[in-house]
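The sequence and structure come first.

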Amino acid sequence: MNKPVYAPLCSKFPKVSIIGAGNVGRTVAQRVIERNLADVYLLDILEGLPQGIALDLMSARGLESHNRKIIGTNDYTDTAGSDIILITAGLPRKPGMSRDDLLKINSKIVTEVAQKCLEYSPDAIYVVITNPLDVMTYLVWKTTNLPPQKVIGMAGVLDSARLQTFIAMELGVSITDVQGMVLGGHGDLMLPLPRYCTVSGIPITQLMDEDTIDRLVQRTRDGGAEIVQLLKTGSAYYAPASSACYMIEAMLLNQSRLLPAAVYLQGEYGLNDIYLGVPCRLGCGGVEEILEINLTDEEKEALHRSARSVRDNINLALSLVNNEQ
Ligand code: TXD
């Protein structure tokens, strides 16, 4: 009698490589493995850091009851054949450092990281986290020359989660009943859209007065800064990591989720050759559709104002990177 062959049901478990083992990178790694979504390769420029975090997370596997592995590394060859590359590498702004200084440093880091990842994972989908988000996502797309649907920036999910949280807290309702959407660049000019916020289908404009909505919109815009001020060192990472994991899950499980993300615009919303937060559909191919929702003239103008600021920084980043070469 022939012996049965016990072949694995699937030959390959998804592989996610996370570049930058800082607060966001390591927290995304934890979320991804604890949800059994993929094996994770965590890479950092600092020796020992990703290895230490990986060993710590591996030691918790039995307790957290999952079977995914996490490898810490400083070597890009380990990231070969990734399905998703998440770029969180960068420096935070330090005292005395101007925004331009930070733009220059992070542009250099992100460009180098993208080049190295592309060498080993040319077929991956690239998700960018590093700030300034829309500019860094544009640079990754430009550097890799990948189809735009395979390079995406994470910000809208986070900004929308913050808005939804503030609405739920204000009304004392369950967060699961709240829907909301924030478009535009990930900065002071982001565009929370109260008209598209609902609680179980009821527009929030019927549940709150205008002053309250304005206050929550402003708190959303200042959401990152409020946390930075409280933490004193570093910036938010739990909700950013959840947001990144949410997008990774949508793609790995081919969920066709409709969410806001920084995507490459080619005429949508009257904007061209720019990365900006708009609603899109995410699935296994990356960005599967960009949705053009109706905006009032005022909202359109606010979106364009945000785009102008992102474009100025893209131009500045490109000139800084080109002068460096
Ligand atoms: O909504 C969003 N997109 C954001 C963005 C929400 C939160 C954080 N946001 C930005 O993500 C933040 O402004 C930073 O630009 C990144 C990462 O934030 P994090 O809080 O994780 O920063 P850390 O803790 O400083 O970690 C950065 C790591 C650190 O371990 C460095 O050693 C590493 O990046 N680093 C590198 N790794 C690999 N290669 C290079 N060149 C490199 N340079 C730094």
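## Cysteines

The count of disulfides is 0, where a disulfide is a pair of cysteine sulfur atoms within 2.5 Å. In general terms, a disulfide is a covalent bond between the sulfur atoms of two cysteines. The sulfur of cysteine 197 has its closest cysteine sulfur in cysteine 280, at 17 Å, which is too far for a bond. Cysteine 245 is likewise in no disulfide, and its nearest cysteine sulfur, that of cysteine 280, is 17 Å away.

Is cysteine 197 buried or exposed? Cysteine 197 counts as buried because its relative accessibility is 0%. Cysteine 245 also counts as buried, with a relative accessibility of 0%. Here buried means under 20% relative accessible area, exposed means over 50%, and partly exposed lies in between (1.4 Å probe, protein chains only).

## Basis of the model

The model is predicted: local features need pLDDT of at least 70, side-chain atom pairs count only at pLDDT 80 or more, and totals for chains, interfaces and linings use all residues. Residues are numbered from 1 along each chain as its sequence is written, and side-chain values use heavy atoms, with hydrogens and water left out.

## Salt bridges

A search of the whole structure gives 10 salt bridges. The criterion is a side-chain nitrogen of Lys or Arg within 4 Å of a carboxyl oxygen of Asp or Glu. One of them pairs lysine 108 with glutamate 112, and the closest N and O atoms are 3.4 Å apart. Where do lysine 108 and glutamate 112 lie relative to each other along the helix? They are 4 residues apart in helix α4 (residues 99–120), so about one helical turn separates them. Helices (H or I, at least four residues) and strands (E, at least two) are DSSP runs, numbered from the N terminus. Lysine 108 is partly exposed at 39% relative accessibility, and glutamate 112 is partly exposed at 36%.

Arginine 305 and glutamate 301 form another salt bridge, with the closest N and O atoms 3.8 Å apart. Both residues belong to helix α10 (residues 297–324) and are 4 residues apart, about one turn of the helix. Arginine 305 counts as partly exposed at 40% relative accessibility, and glutamate 301 is partly exposed with a relative accessible area of 35%. Glutamate 289 is partly exposed, with a relative accessible area of 35%, and arginine 281 is partly exposed at 26%.

## Surface charge

Which residues gather in a patch of negative charge on the surface? They are Asp209, Glu210, Asp211 and Asp214. Patches are made of residues with over 30% relative accessible area and no salt bridge, with like charges joined within 9 Å and nonpolar side chains (Val, Leu, Ile, Met, Phe, Trp, Tyr) within 5 Å. The areas come from the Shrake-Rupley method with a 1.4 Å probe, and for residues only the protein chains shown count as cover. Lys and Arg count as positive and Asp and Glu as negative, while His and the chain ends are not counted. The place of a charge is taken as NZ of Lys, CZ of Arg, CG of Asp or CD of Glu.

Aspartate 209 sits in the loop between β11 (202–203) and α7 (210–221). Aspartate 209 counts as partly exposed because its relative accessibility is 47%.

## Backbone geometry

Asparagine 131 and proline 132 are joined by a cis peptide bond, with omega about -5°. Proline 132 is placed in the loop between β5 (125–128) and α5. Helix α5 (residues 133–144) contains threonine 143, which is partly exposed with a relative accessible area of 23%. Threonine 143 is 30 residues from valine 113 in sequence, and their C-alpha atoms are 9.9 Å apart in space.

Serine 65 is not a glycine, yet has a positive phi of about 55°. Serine 65 lies in the loop between α3 (61–64) and β3 (70–73) and counts as exposed at 59% relative accessibility. Aspartate 273, also not a glycine, has a positive phi of about 50°. Aspartate 273 is in strand β13 (residues 272–283) and counts as partly exposed at 32% relative accessibility.
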